[in-house]
Amino acid sequence: MPSVKAPPPPAASSDLTRADHGRIRALVAVLAPQLARWYRSSLSWRLAIGLLAAAAGVVWRQLIAGDSGAHAYVTFYFPVLVASFTGGAVSGALTLLISTAVAHLWLAPIEGLEDALAFATFLTTNSVIIVVGEAFQRTLTHVDNLETRHAMERLAAQNARLVEQFGSVALAAPGVVFSFRLDTKGFGSCPYLAENVRAVFGLAPEEIAADAAPMLRRIDAADAERMRASFARSAAQMTLLREEFRYDHPSKGQIWLETQAQPVRQADGSTVWHGYAQDVTEGKREEAARLEAERALEQRIVELERANERLARFAYVASHDLQEPLRKIVAFSQMLDAAVAASDHKDISYASEVMRGSALRARELVEDLLVYSRIVEAPLKVQRRELRVEIQSALTDLSELIEESNADVSLDAPRVEFEADPPQFARLMHNLVSNAIKFRRRGEAPRIAIAGHVEDGMLRLSVSDDGVGFEAKYAKAIFEPFKRLHSKAEYPGTGIGLAICKTIADRHGWTLTARSQPLQGATFEVTMRLPD
């Protein structure tokens, strides 16, 4: 039997047809947007398309063989169709107009009714082509616009979801998420602000969205210039902005804010920072309290080291000075025993008197030792006081001594406030004034001048006298405990008064100095910083 070749399976033909259709759809998908863009091009571009199409039609006619009158008008159909589909009605109409002029005046002049009918047919047909081409163009444009609108709608819906999600995240953040825009002229605005800007900056979003000036004006003047420099540097280098600054909050008063933002350069030359800002006032307060505690601890450690050093030196000097009256007591107690055994009333009286004086001397030294140790160890209770009031109060306590010595004490001090432990400042003034009265010239009433002046925030308070003075080389030694420049018989005392003054000054952070010449008096000056 002859073999019969089976026909190919229809599935292959169907697959081929679907493949061809897919390629056609892909080609249309590529060409349709291009044609739509061409159609929306400027008028000059469409006129150029029409001129090129007309020129192509003339060349096309010259290339076709045969009688020039047989196909004079039909040969222009194709260029008009291309111009209409490419450039729309404008280019198609221009091509038709030029083609008609060329056909009528050059290629195939109208001769008789047949040519006139052919010419009318040419015009009508090409007009139809132009209308069809325009309709096709509009269809492509409509399809393209519809796809674009659908894409924009999908993008808008996606953006709305993202904004909603971002808004929820922004509201849950500890601070406020923002966008800050700075144009080329330095004008600031906030294109985006999370709703919790009300809590952080104390302003509604609509108040600073278009103009950020109401917010910028509330930045503390001490930080404003630094913030402007940081923004300028961040914009110039496109680096992360990170700053802390003080802000005048409408309801909270002055607070500390921390901001961190990344700059992005815009096409118009402006810069937009995207970032966050949060209230860090509590953290700053805790940090300030911690630093203050650390400074107080360091100061206390330094003070204790100085106190230990002073006490060690004081203990050495005190033990040395105490040995003198104790040696006398021991020596004269033996003399007293011998005098009692011999019934020598004169020696008994003399020994008793010397032992009593030595005991009193030892007691005086011990009492001064206790006073000194209390000054060193007692915690300072610094208060703000008025200078003249405190000095006059100290002079009142010395009124009996001043009256007995017939001293002339003058006070020329400014009425300023200073910070000190009042009892210790009173003892400082008491010791300086009494020291000036003690070391007066024999047979002369002491003249003491207390003066003060303020310079560059520093107060210089001096106590000057016209007494016996001392050599300049002892200007530092006189502040050592129990250091004496004169004999006890001439000027009684233990030599602890100026040491106490020096200790009080050191504990307050003041400077105490002395200057003098023999028989020309002495001046003691205290230098202290006044509070702001």
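The model is predicted, so local features need pLDDT of at least 70 and side-chain atom pairs count only at pLDDT 80 or more, while totals for chains, interfaces and linings use all residues. Residues are numbered from 1 along each chain as its sequence is written, and side-chain values use heavy atoms, leaving out hydrogens and water.

**The sheet**

- Start with the 5 strands, which form an open, antiparallel sheet in the order β2-β1-β5-β4-β3.
- At the edges sit β2 and β3, each pairing on one side only.
- On average, neighbouring strands of this sheet are turned by 35° against each other, direction ignored.
- Strands here are DSSP runs of E with at least two residues, helices are runs of H or I with at least four, and both are numbered from the N terminus.
- Two strands pair if DSSP finds at least two bridges between them; β1 and β2 have 4 bridges, in the antiparallel sense.
- Look for Leu 182, whose bridge partner in β2 is Gly 188.

**The helix across the sheet**

- α9 lies across β1, β3, β4 and β5 (271–279), and runs at about 150° to β3.
- Contact means heavy atoms within 4.5 Å; axes are lines fitted to C-alpha atoms, for helices over the stretch in contact, and angles run from 0 to 180 degrees between N-to-C directions.

**The second largest pocket**

- A pocket is an open set of points on a 1 Å grid over the protein atoms alone, where a 1.4 Å probe fits and protein lies on both sides within 12 Å along at least five of seven lines; lining residues have an atom within 4 Å of a point.
- The second largest pocket holds about 530 Å³ of space, a volume being the space filled by probe spheres set on the grid points, which are joined across faces, edges and corners.
- Its lining has 25 residues, and Phe 180, Leu 216, Ile 219, Met 227 and Phe 231 lie nearest the centre.
- α9 gives the most to this lining, with 4 residues.
- By type, the lining has 19 nonpolar, 3 polar and 3 charged residues.
- Ala, Val, Leu, Ile, Met, Phe, Trp, Tyr, Cys and Pro count as nonpolar, Asp, Glu, Lys and Arg as charged, and the others, Gly among them, as polar.

**Two positive phi angles**

- Most residues other than glycine have a negative phi.
- Met 238, in the loop between α9 and β3, has a positive phi near 55°.
- Met 238 counts as partly exposed because its relative accessibility is 29%, between the limits for buried (under 20%) and exposed (over 50%), with a 1.4 Å probe and protein chains only.
- Ser 343 also has a positive phi, of about 55°, and is placed in the loop between α10 (281–342) and α11 (345–377).
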